[in-house]
Amino acid sequence: MIRTAIYPGSFDPVTNGHLDIIHRGKHLFDRIIVAVSKDSHKSPYFSLEERLSFLRTALKGTPGIGVDTFSGLLTNYVKIQKACAVIRGLRAVSDFEYEFQMALMNRRQNTRFETVFLMPDERYTYLSSSLVREISRLGGHVRGLVP
Ligand code: COA
């Protein structure tokens with residue numbers, strides 16, 4: 001049986017922290033689908049096509065990893081893909097409350113998968129897509145933070 005996990009998010013843009021989580025997840029699952037939400041409550045800076053293109057380029061040639069989009073509830077997408085888990089990254093204690101709430105709400109909708117939390121390398125614990133966008137917009141260096 002192939003064990004599939006979904007790694008959902010906005011990826012606006014994908015960072016080296018996200019990639020670190022994906023590579024860690026590869027040791028646990030046969031297949032990971034990196035799923036870009038079309039219905040995020042955030043207004044993205046990069047278009048959906050740009051975000052998908054960044055992900056596809058960064059993950060090109062990595063076996064067992066797919067890139068996709070989803071709309072509507074994550075729990076429905078998990079069912080459609082017959083996934084057994086959703087992967088989320090936990091960078092710091094501050095992520096916990098939001099992630100815990102989302103994991104339990106998702107479990108309420110669909111009890112047939114688990115949310116698995118992975119911690120990125122310490123180098124990426126302070127990294128976020130919005131900080132990368134701001135540094136770049138103000139002319140700073142983002143080398144080492146994004147692929
Ligand atoms: N490295 C770097 N940054 C990371 C990271 C890591 N390992 N893990 C998380 N982040 C950052 C992201 O860059 C992002 O930063 P930003 O806020 O500055 O842009 C932030 O943490 C969280 O973003 P992300 O992981 O992309 O999640 P999200 O909160 O944008 O997306 C969804 C959440 C899409 C998974 C959620 O809204 C969803 O499931 N939507 C579908 C609808 C649904 O089912 N809703 C009910 C939910 S209970």
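## Basis of the model

Because the structure is predicted, local features need pLDDT of at least 70 and side-chain atom pairs count only at pLDDT 80 or more, whereas totals for chains, interfaces and linings use all residues. Residues are numbered from 1 along each chain as its sequence is written, and side-chain values use heavy atoms, with hydrogens and water left out.

## Helix H2

Helix H2 covers residues 48-59 and has twelve residues; helices (H or I, at least four residues) and strands (E, at least two) are DSSP runs numbered from the N terminus. From first C-alpha to last, H2 reaches 16 Å, close to the 16 Å expected at 1.5 Å a residue, where the expected span is 1.5 Å times one less than the number of residues.

Leu 48, Arg 51, Leu 52, Leu 55 and Leu 59 of H2 are buried (under 20% relative accessible area; exposed is over 50% and partly exposed in between, with a 1.4 Å probe and protein chains only). Seen down the axis of H2, these buried residues fall within an arc of 95 degrees, so they line one face of the helix; the arc is that of the directions from the helix axis to the C-beta atoms. They pack against H1, strand E2 (31-37) and strand E3 (65-70), contact being heavy atoms within 4.5 Å. The face turned away from the buried side carries the exposed residues Glu 49 and Thr 57. Gly 61, with a positive phi near 80 degrees, follows H2.

## Salt bridges

A salt bridge is a side-chain nitrogen of Lys or Arg within 4 Å of a carboxyl oxygen of Asp or Glu, and by this rule there are six. One of them joins Asp 12 and Arg 133 (3.3 Å, N to O). Asp 12 lies in the loop between strand E1 (4-9) and helix H1 (16-25) and Arg 133 in helix H5 (residues 129-137), so the pair ties together parts that are 121 residues apart in sequence. Asp 12 is buried at 6% relative accessibility, while Arg 133 is partly exposed at 27%.

Within helix H1, Asp 20 and Arg 24 are four residues apart, about one helical turn, and their side chains meet in a salt bridge at 2.6 Å, N to O. Asp 20 is buried, at 14%; Arg 24 is partly exposed, at 33%.

## Nonpolar surface patch

Val 93, Phe 96, Phe 100 and Leu 104 make a nonpolar surface patch of about 410 Å². Patches are made of residues with over 30% relative accessible area and no salt bridge, with like charges joined within 9 Å and nonpolar side chains (Val, Leu, Ile, Met, Phe, Trp, Tyr) within 5 Å; accessible areas come from the Shrake-Rupley method with a 1.4 Å probe, and for residues only the protein chains shown count as cover. Val 93 lies in helix H4 (residues 93-109) and is exposed, with a relative accessible area of 76%.
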